[in-house]
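Here are my notes for you to read alongside the model.

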Amino acid sequence: MGISSENQPIKKPATPIKQGIPVRNAGIVILNNYIPMLFERLHFLEDRNFTNVENQKKAVQYLQYVVTGLTETEEAYLPLNKVLCGLSVTDSIPDTIEISETDKTLMQELLKAVISHWQEIGSTSIDGLRGNWLVRDGILVELTDKWELTVEKRAYDILINRSPFSFSIIKYLWMSKPLHVYWPY
């Protein structure tokens, strides 16, 4: 133990503080099974890999559009998207992106498909899915061999174990290491 300026012992925290990057869209992992299909339909992939870095960066913003419905997002809110798209969290991404109406419709249809396949959440709206499940705080931690994401718990998360989606470990071909998801319920 160290000594404070008042000669009192400095207490160590009772539990270690897990350092990491705060994220505001941790629930995007629910869409794990849909993400490669979305990127293929947007023509960002060829042979299950990104065609170029420009499409990788677009994909980061497109994922955020799926989560929020907005075409403008500060880069500070995109670290999880970067990991899911195989980029470094330090790679620069523009704050805004233009998305065609066709692509917006494609992403809305993806969200409708998620809702229809997850019967336990009822007939929730797209905004309900976004607000209750996709826009979610979490902590992203990089380890030597993997990423870890811990998702904030909410009262109704008991429904997460009844979802038809798998997302405990996410690893796409374009990612250098897997993302392990911890979603307490």
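Predicted model: local features only at pLDDT ≥ 70, side-chain atom pairs only at ≥ 80, totals over all residues.

**Notes on the chain**

1. Residues are numbered from 1 along each chain as its sequence is written, and side-chain values use heavy atoms, with hydrogens and water left out.

2. Now the overall picture. The C-alpha atoms fill a box of roughly 65 × 40 × 30 Å along the principal axes. Of the 185 residues, 43% count as buried (under 20% relative accessible area, with a 1.4 Å probe and protein chains only). Among contacts (heavy atoms within 4.5 Å) between residues at least 6 apart in sequence, 66% join residues at least 24 apart.

3. Helix α2 (residues 53-68) is worth a look. With 16 residues at 1.5 Å a residue, α2 should span 22 Å, and its end C-alpha atoms are 23 Å apart, which agrees; the expected span is 1.5 Å times one less than the number of residues.

4. Just after α2, Gly69 takes a positive phi of about 80°.

5. Buried residues in α2 include Asn55, Gln56, Tyr62 and Tyr65, along with Leu63 and Val66. Their cover includes α1 (35-41), β3 (49-50), α3 (79-84), α4 (101-117) and α5 (126-134).

6. On to the sheet: it is open, has five strands in the order β1-β4-β5-β7-β6, and its pairing is mixed. β1 (21-23) and β6 (169-170) stand at the edges with a single partner strand each, so one side of each has no neighbour in the sheet. Strands count as paired if DSSP finds at least two bridges between them.

7. Here is how some of the strands pair. β1 and β4 (residues 138-142) run antiparallel, joined by three bridges, and Ile21 stands opposite Leu140 in β4. β5 (residues 147-151) and β7 (residues 179-182) are parallel over four bridges, with Thr150 opposite Tyr182 in β7. β6 and β7 run antiparallel with two bridges; there, Ile170 stands opposite Leu179 in β7.

Conventions. Buried < 20%, exposed > 50% of the residue type's maximum accessible area, 1.4 Å probe, protein only.
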